[in-house]
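The stops below follow one another as a tour.

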Amino acid sequence: MALSRVCWARAALWGSAVTPGPHVTRKLQLVRCGLAWGAPRLFDLPCRSSKLHLSPKADVKSLISYVVAKTKVINGKYHRFLGRHFPRFYVMYTIFMKGLQMLWADAKKARRIKTNMWKHNIEFHQLPYREMEHLRQFRRDVTKCLFLGIISIPPFANYLVFLLMYLFPRQLLIQHFWTPKQQIDFLDIYHALRKRSHPEILCYLEKVIPLVSDAGLRGHMTELCTKIQHGTHPAVHDILALRECFSNHPLGMKQLRALQMKALSRAMLLTPYLPSFLLRHRLKTHTIVIHQLDRALAKLGIGQLTPQEVKSKLSCPSYYTTWSCFLSTTLGQGAE
């Protein structure tokens, strides 16, 4: 059988008049094709045929681009549908999505700053003002988000959390998820809260003036409190002249009473509903950070701030009261 096939093939190559069968004819065509191309070309046939198709990587990329394009089209239609039929919900949805994008961008920036600190062995107080302020604000935002995540752990608690976020956005949501109107209103509320705590702080300050041992310091502090009550902002050298009173008894951090620390916490927008030792620790940490921010801002220059940064700086309760001024200056000098 094999010998007959060889004979038929040889006859076909030499122009024999014998007509082979269809099976042999197919094989002869393949052999002729191979001879025409040459023996080495037989090995190139798979490569040449593979060039007619896209590679697997190109197929995957084209599929991904197609899916992304379709997703954008569907997302656009969904947004238009919500805007036409559910305008109020669409506003909340848009704010939520933009808030997530801004929070993710803040997280990436904070990661870059931390990586740079680790590579160059830089401490927090050695950072520029904007990077220091970004890390400080991001830590506070993450703390609030973690609190929401913890209270959402019990079964069906997430529905209650959504309701609480809707009813108490100022307490539970970070600034990224506030509406433009809420951002203005909440800043006014914060200012009112700080303003409400100022008389209480000055009242406690006047009560401890007789406990100051130095007569000159007592008179200077009394004069300073009177100026503040009449709306005059104290000068820096007037504050620094009383540093000794706030470094030791009776106005040192370790000598403060619980009511005094609660009043200071409200002035600095900190939670006053904590044990005394936690209030003291938070006040000390907060005033040190404020002092470090002020030093970094002095290096940058106030004229370099943008309008948004100026607004956020004005909302920072660094020097709103005499007591907070003294604590910030004293503790900041001790932290250097």
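Select Leu 217, Met 221, Leu 224 and Cys 225 in α10 first: these residues are buried, where buried means under 20% relative accessible area, exposed means over 50%, and partly exposed lies in between, with a 1.4 Å probe and protein chains only. Looking down the axis of α10, you will find its buried residues within an arc of 100 degrees, so they line one face of the helix; the arc is that of the directions from the helix axis to the C-beta atoms. An α-helix has 3.6 residues a turn, so residues three or four places apart point the same way.

This is a predicted model, in which local features need pLDDT of at least 70 and side-chain atom pairs count only at pLDDT 80 or more, while totals for chains, interfaces and linings use all residues. Residues are numbered from 1 along each chain as its sequence is written, and side-chain values use heavy atoms, with hydrogens and water left out.

Now show the whole of α10, residues 215-229, whose 15 residues reach 21 Å from the first C-alpha to the last, close to the 21 Å expected at 1.5 Å a residue; the expected span is 1.5 Å times one less than the number of residues. Helices (H or I, at least four residues) are DSSP runs, numbered from the N terminus. At the start of α10, a side-chain oxygen of Asp 214 comes to within 2.7 Å of the backbone nitrogen of Gly 216. After α10 comes Gly 231, with a positive phi near 90 degrees.

Which backbone oxygen lies 2.7 Å from a polar atom of the side chain of Thr 287? That oxygen belongs to Leu 283, and the side chain of Thr 287 also reaches the backbone oxygen of Lys 284, at 3.0 Å.

For the second largest pocket, with a volume of about 800 Å³, centre the view on Met 92, Phe 96, Met 165, Leu 173 and Phe 177, which lie nearest its centre among 24 lining residues. A pocket is an open set of points on a 1 Å grid over the protein atoms alone, where a 1.4 Å probe fits, with protein on both sides within 12 Å along at least five of seven lines, and lining residues have an atom within 4 Å of a point. Colour α5 (87-120), α6 (129-151), α7 (157-167) and α8 (169-172), each of which supplies at least two residues of the lining; the largest share, nine residues, comes from α5.

The loops make the last stops. Most residues other than glycine have a negative phi. Select Asn 121, in the loop between α5 and α6, where phi is positive, near 55 degrees, and where the residue counts as exposed at 62% relative accessibility. Leu 269, in the loop between α13 (258-267) and α14, likewise has a positive phi, near 60 degrees, but Leu 269 is partly exposed, with a relative accessible area of 26%. Finish at His 249, in the loop between α12 (243-247) and α13, which is exposed at 55% relative accessibility; its C-alpha atom is separated by 7.7 Å from that of Val 212, 37 residues apart along the chain.

Definitions and conventions:
Polar contact = N/O pair within 3.5 Å; in protein donor to acceptor, adjacent residues only side chain to side chain. Points joined across faces, edges and corners; volume = space filled by probe spheres on them.
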